Each structure stands twice: as structure tokens, then as C-alpha cells.
Number of protein chains: 4
Amino acid sequence: MDWSFRNDLPIYAQLVERLKLGIVTGELTPGARLPSVRELAAEAGVNPNTMQRALTELERAGLVYAQRTAGRFVTEDTAVIAASKTAMAESRLRDFLTAMKKLGYDRDGIAALLTEKKEEQEHADTGM
Amino acid sequence: MDWSFRNDLPIYAQLVERLKLGIVTGELTPGARLPSVRELAAEAGVNPNTMQRALTELERAGLVYAQRTAGRFVTEDTAVIAASKTAMAESRLRDFLTAMKKLGYDRDGIAALLTEKKEEQEHADTGM
Amino acid sequence: MDWSFRNDLPIYAQLVERLKLGIVTGELTPGARLPSVRELAAEAGVNPNTMQRALTELERAGLVYAQRTAGRFVTEDTAVIAASKTAMAESRLRDFLTAMKKLGYDRDGIAALLTEKKEEQEHADTGM
Amino acid sequence: MDWSFRNDLPIYAQLVERLKLGIVTGELTPGARLPSVRELAAEAGVNPNTMQRALTELERAGLVYAQRTAGRFVTEDTAVIAASKTAMAESRLRDFLTAMKKLGYDRDGIAALLTEKKEEQEHADTGM
DNA sequence: GTGGTCTAGACCACC
DNA sequence: GTGGTCTAGACCACA
């Protein structure tokens, strides 16, 4: 995992984002035991409390559960994970579309931009 | 103009965003005179200092210029406005694509989501 | 407000409980500004962080909202408050009924206990 | 017996609760021999130490007694069992009433809620 | 050793 | 002065 931080968002929120990503992409498999708070904190280079806060947030979202003294585990409920993933994607998509619409782009304009970007990318790919 | 504020961004930043939007969408036409800081602040229901900061930001971006005593005006340089608009759009697009890619969506997946969304929208439109 | 704490529940949770109670009972009126985190913390005799955690919880529940630098306010949405109140009552009721049922009491048994308690109470009242 | 655990109470306390319930409801008859700690622990899926602690608690409460090598037995003193049962019920009742009173419900309000709940239940029963 | 809680104290952007 | 974030370090019950 890369534990680099931007400065446009609180660290704990970025930790949440990062861990969520790890779960929905399968990097952290359902049922897997997470390292202890202290270990994760050390790995990420943050205070244990900060990491704790992030994990508490994940617990609230149902992506992780804590067991008294055994540690924390990724939920086995793959439905929850899948729902979380699509929710994240839809949210991104919705935000993107409304922002673009506010800027005066309609669906065709957006589609044009996308294909344009795509071609750029392909040229860059072949060029590398 | 709607002057409602979210809680995830400083107010002055939201003011900048809102005014920028007004300019690039033509709601505020090139060369138009802006209301005074006091008036704008009153309209938006914010502290004049906060509005002031937003306008200063817009000046730095070259979208607005001040004339000693006459007030502030939207730039007449339509090229600057157009550039600002495409810059905003590209930035949105880039952020969106990288976020989706992190979530495991490739170009085809994104395209699928977009068309899906489009159909939803159309059904909603016809249904209303 | 009485800020006494039991030791069967984390302090922050008791703070949440106490403040929630204040809101649903109208002790804290809709739209009212709460004292600052620091003031509340001093009044309750806890660390500001602990009070902050409680208030964050209330915010998540929609009973309180924060405004950038102006302070925190009780929600004006009385529907949310009413819903919260009935939710609390129903939850208490449900817990009570299931617990009694597990103990082997049916509805009639519970009703009997209630009227018995009521009479006790009345005798105590007249006796005072 | 169902040995599922919540997360809001230490496991040993939940074990005590569960076993107490078994005794006061007669599921575990007076004088009956309990399985060994090891067996109980295995059945409940907990550490033997944890189950041991729960049983010790029950002994202190006088609901269970140990005989050197023969094992543990449910008390034959039905008076103790009955007293334990009413104590549990009264405690539940008292807690419930004070909580509801704090929420602003008087006896009539509580009675109303109860009958309301009762009707709901009956409709659900007949409806199934 | 694990998660959970709490304190103390600091820094920050914002208004 | 306000809310928000973060660190450091401590203590606790639990298993």
C-alpha cells in the first residue's frame, strides 16, 4: 500500500478512502484479518488514534468489524462490499456529471471530451 | 444566483467557485460591472471580508479586474474565460477518470455506466 | 444540566445521551446555539476532545449542525427531533419487551407488574 | 441454546446472562448437572477461561454450586431461583420506567405505547 | 497483545 | 474565538 497523503483532506479521511479502496478492489479479501491498529498506524506513519478513527469509520460503514481482543476483520458480506463499490462509483459519476452540466456541457459534449481523452491516451500509450 | 453553502469547503472557496461558474457560463457577461463587495456580501449572506477574499482570488485568476473607483468588472478577454472553462472541465475529467480507474473501472466500464445513466435519465424525463 | 457519569458506558456516549435528551425534551430548543465545545467541556468536566466526539455523533444523527466559525446549533427540523424521540422510546420499549419475554413474562404478566408498580408509586406519593 | 454474541458487552457477561436465563426459565432444571467447563466452552465457541469466569459468577450469585469432582449443578433452592427472576424483572422494569420518564412519557403515555404495540403485534400475528 | 477510551496540549483555517 | 484535526502518551478490560 502506498501511504502518501494529500493536503486537501484530513488524514483520517484519506485513510478511510485508502482502506475502502483496498477492500472494494479485493486487495483486502473478505474475512481477512487486518493488522492491529498500532501496526497499521506505524506502517502509514500516523498516530494510532488517527488510524483508529479511520477504522471506526469503516466499521460504521459495515466494511469491517472488530472482535473484542482478536483484531479487526474485513466483512465477509460480499454484498456490502459490492454495494459500497457501486455507491462510490455512482457518487463519483454523479458529481462529475453535475459539475460538467454546471459548466455548460451536455451529454454530447461530455462524450466528445471522453473520446478525445481516449485518443490522447492511446497515442501516449503507443508512444511509450 | 443561489448562495447556498456546503460544509466541506471554506465559504470563500465556494464563493470563488460560484462566481467563476457565473463567468464561464456567461451568466456574468464579459465587461459587466460587478455589484460592490458590500452588496455582493449582503446578497450572499456572508461577511464582506469573505467576499473580498473571493474577489481577490478571481482577480489573481485574471477573470475580474478592478478599476480604482469605478468598481470591479468581468474581464473582456474571452480567451481567458474560455481557457478557464476548459481548464476546469479537464481537471474534473482527469480527477473523475483516475478515481474510477482506482476503483477498477476501465474505459469500457465507465462507458457502460455512462450509457446506463443516460437511459435512466431519459426514462425519468419521459416519465415526468 | 446534571453532568454526573455512570461507569457502565463510555463518557462520550453518556454525553451523547444527555444532549440528545436535552434536545428531544425541548430543554435545548430548535435553532438554539450551543455553547462552544470548550465551554461545554468545562461545564461537564471532561476533556474538550471527549465533548467534541459526542457533538460529532449528534451531528451525524442530524440533531445538531455546525457552522464554520459561528458555533453549533440545534437542528430546526422538528420532524427529525420528533423522529429521534420516538425512535428512542420505541427502542427502549422493544428492548424491554424482548427482555421480559425472554424471562418468561407474557403481555398479561407485564401488565400486572406495571399496575403493581403503579400502586406502589401512588402509595409512596400519598405517604410523602 | 443460541450462543451468539453482541459487541456491546464482554463475552463473559453475556455468558452469565445467557446461563442465568436458562436457569430462571427452567431450561436448566434445578439440580441438573452442567456440562464441564471445557464442553460448555466448546459449545459456545469461547475460551475455557471465559466460560470459567461466567460460571464463577453464577456460583457467587448462588444459582450454581460446585461439587469437588462431580461437576457443577444448578441449585435446588427454587426460592433463590424465583428471587433471581423477579429481581431481574424488577430491574428491567425500573430501568425502563425511569428511561421513559426522562424522555417525557408519563404512565398514561407509556400505557398508550404498550397497547399500540400490542395491537401491532396482534395484526402481525393474524396476518401471518 | 488487542481494541477502546480519555486526557493534555498543540496547530490550523476561518471569520 | 470557533470548530476541526492531529499527536503523544496513558490506562483499562478483555482473552
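Ala, Val, Leu, Ile, Met, Phe, Trp, Tyr, Cys and Pro count here as nonpolar, Asp, Glu, Lys and Arg as charged, and the others, Gly among them, as polar. With that division, the residues of the surface near DNA strand E fall into eight nonpolar, 11 polar and seven charged, where a residue is near a molecule or strand if one of its heavy atoms lies within 4 Å of it. This is a predicted model, in which local features need pLDDT of at least 70, side-chain atom pairs count only at pLDDT 80 or more, and totals for chains, interfaces and linings use all residues. Residues are numbered from 1 along each chain as its sequence is written, chains are lettered from A and ligands numbered from 1 in the order in which they are written, and side-chain values use heavy atoms, with hydrogens and water left out.

**DNA strand E**

- Around DNA strand E there are 26 residues, of which R72(A), P10(B), I11(C), N49(C) and T50(C) come nearest; sugar and phosphate make up 70% of the atoms of DNA strand E that come within 4 Å of the protein.
- Polar contacts (pairs of N or O atoms within 3.5 Å; within protein, one must be able to donate a hydrogen and the other to accept it, and residues adjacent in sequence count only if both atoms are side-chain atoms) include one in which a backbone N or O atom of I11(C) lies 2.3 Å from a phosphate oxygen of DNA strand E.

**DNA strand F**

- DNA strand F is surrounded by 25 residues, the closest being I11(A), N49(A), T50(A), R72(C) and P10(D), and sugar and phosphate account for 72% of its atoms that come within 4 Å of the protein.
- A polar backbone atom of I11(D) is 3.3 Å from a phosphate oxygen of DNA strand F.
- Helix 3 of chain A gives the most to the surface near DNA strand F, with three residues, and the residues of this surface divide into eight nonpolar, 10 polar and seven charged.

**How chains A and B are related**

- When copies are superposed by least squares on the C-alpha atoms of residues with pLDDT of at least 70 in both, a rotation of 178° with 0.0 Å of shift along its axis brings chain A onto chain B (RMSD 0.3 Å), which is the relation of a two-fold axis.
- Among the residues of chain A, F96(A) comes closest to the rotation axis, its C-alpha being at 3.2 Å.
- Of the interface residues of chain A, 96% are also interface residues in chain B, so the copies meet through the same surface.

**The hairpin in chain B**

- Strand 1 (residues 64–67) and strand 2 (residues 71–74) of chain B pair in the antiparallel sense over four bridges, pairing being assigned if DSSP finds at least two bridges between two strands.
- A hairpin joins these two strands of chain B through three residues, and Q67(B) stands opposite G71(B) in strand 2 of chain B.

**Buried and exposed residues**

- Residue S84(C), in helix 4 (residues 78–102) of chain C, is buried at a relative accessible area of 13%, where buried means under 20% relative accessible area, exposed over 50% and partly exposed in between (1.4 Å probe, protein chains only).
- Apart from its neighbours within four places in sequence, S84(C) is in contact with K20(C), V24(C) and L63(C), contact meaning heavy atoms within 4.5 Å.
- In chain D, S84(D) belongs to helix 4 (residues 78–102) and counts as buried at 14% relative accessibility.
- T69(C), in the loop between strand 1 (64–67) and strand 2 of chain C, is exposed, with a relative accessible area of 78%.
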